[in-house]
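Please open the model in a viewer in which residues can be selected by number.

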Amino acid sequence: MSSEAMAAVRSLVWPVCLVGAMEDGRHNVMTAAWISQVSHNPLLVMVSIAPGRFTHDMIVRTGEFMISILSAEQQEVSNFCGSRSGRDVDKIAQLQLKTEPAKVIRVPRISGCVANLECRLVSRHTAGDHTLFIGEVVAADTAGAEKQPLVMYRGKTVKFC
Ligand SMILES: Cc1cc2nc3c(=O)[nH]c(=O)nc-3n(C[C@H](O)[C@H](O)[C@H](O)COP(=O)(O)O)c2cc1C
């Protein structure tokens, strides 16, 4: 792919989120930016995850995931959860992230974010070197709706606006 094509694609703006999964009592989160709404009715969202991520197979096996939209103050959370694997470290314990039980799924919510979306996996599709996980939003909170979200633009995480 040409570097101009790469630069153009990186001009898309992505929301920086944590994607959480829970299996056998083990809760893991990873940073993900390739996330979008893909349907109104039913309310569906998509997250694109590389097969090598620890989170990937947790979602495949459990059929559930949490999307926690990070705020502009959570840059360090994004950096840490996007550069360490849950295979090697308990990211939630290391960062002392506060969690709350979800309403419908088993994966806990992350406190202090812009919003939490509880997703039940409805399908998955291979797309090049990533897997697209399509989830139905079965419950959510907007507790931090007044917070500014963290976004990814041209390879950097920055404040929205
Ligand atoms: C800002 C940012 C955005 C990221 N977006 C994605 C993404 O959309 N999909 C993906 O597979 N990895 C993405 N990553 C990389 C994963 O977060 C990283 O590989 C992480 O360590 C995987 O954790 P795990 O092995 O515990 O699942 C991103 C990293 C950062 C810092």
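Begin by selecting helix H2, whose buried residues are Phe54, Thr55, His56, Met58, Ile59 and Thr62. Buried here means under 20% relative accessible area, exposed means over 50%, and partly exposed lies in between (1.4 Å probe, protein chains only). Helices (H or I, at least four residues) and strands (E, at least two) are DSSP runs, numbered from the N terminus. This is a predicted model, in which local features need pLDDT of at least 70 and side-chain atom pairs count only at pLDDT 80 or more, while totals for chains, interfaces and linings use all residues. Residues are numbered from 1 along each chain as its sequence is written, and side-chain values use heavy atoms, with hydrogens and water left out.

Now display the elements around the helix: the cover over the buried residues of H2 includes E2, E3, E5, E6, E9 and E10. Just after H2, Gly63 has a positive phi of about 75°.

Next, select Val19, Val47, Phe65 and Ile67, the residues with the most contacts inside the largest nonpolar core, which has 19 residues. Such a core is a set of buried Ala, Val, Leu, Ile, Met, Phe, Trp, Tyr and Cys residues joined through side-chain atoms within 4.5 Å. Two or more residues of this core come from each of strand E2 (17-23), E3, strand E5 (44-49), helix H2 (54-62), E6, strand E9 (115-127) and strand E10 (130-141). Centre the view on Ile67: leaving aside residues up to four places away in sequence, Ile67 touches Cys17, Leu18, Ile35, Val45, Ala115, Asn116, Leu117 and Cys119, where contact means heavy atoms within 4.5 Å.

Select strand E11 (residues 150-153) and strand E12 (residues 156-159), which pair in the antiparallel sense over four bridges; two strands pair if DSSP finds at least two bridges between them. Leu150 stands opposite Lys159, and Val151 has Val158 as its bridge partner. The two strands form a hairpin with two residues between them, and Arg154 in the turn has a positive phi of about 50°.

Which residues form the aromatic pair? A search of the whole structure finds one such pair: Trp14 and Trp34, tilted, at 5.8 Å centre to centre with 55° between the planes. Rings of Phe, Tyr and Trp (its six-membered ring) pair if their centres lie within 6.5 Å; planes under 30 degrees apart count as stacked, over 60 as edge-to-face and the rest as tilted. Trp14 lies in strand E1 and Trp34 in the loop between strands E3 and E4, so the pair ties together parts that are 20 residues apart in sequence. Trp14 is buried at 14% relative accessible area, whereas Trp34 is partly exposed at 40%.

Finally, select Gln74, in the loop between strand E6 (64-69) and helix H3 (75-81). Gln74 counts as buried, at 12% relative accessibility. Its contacts, not counting residues up to four places away in sequence, are Ile69, Ser111, Gly112, Cys113 and Leu150.
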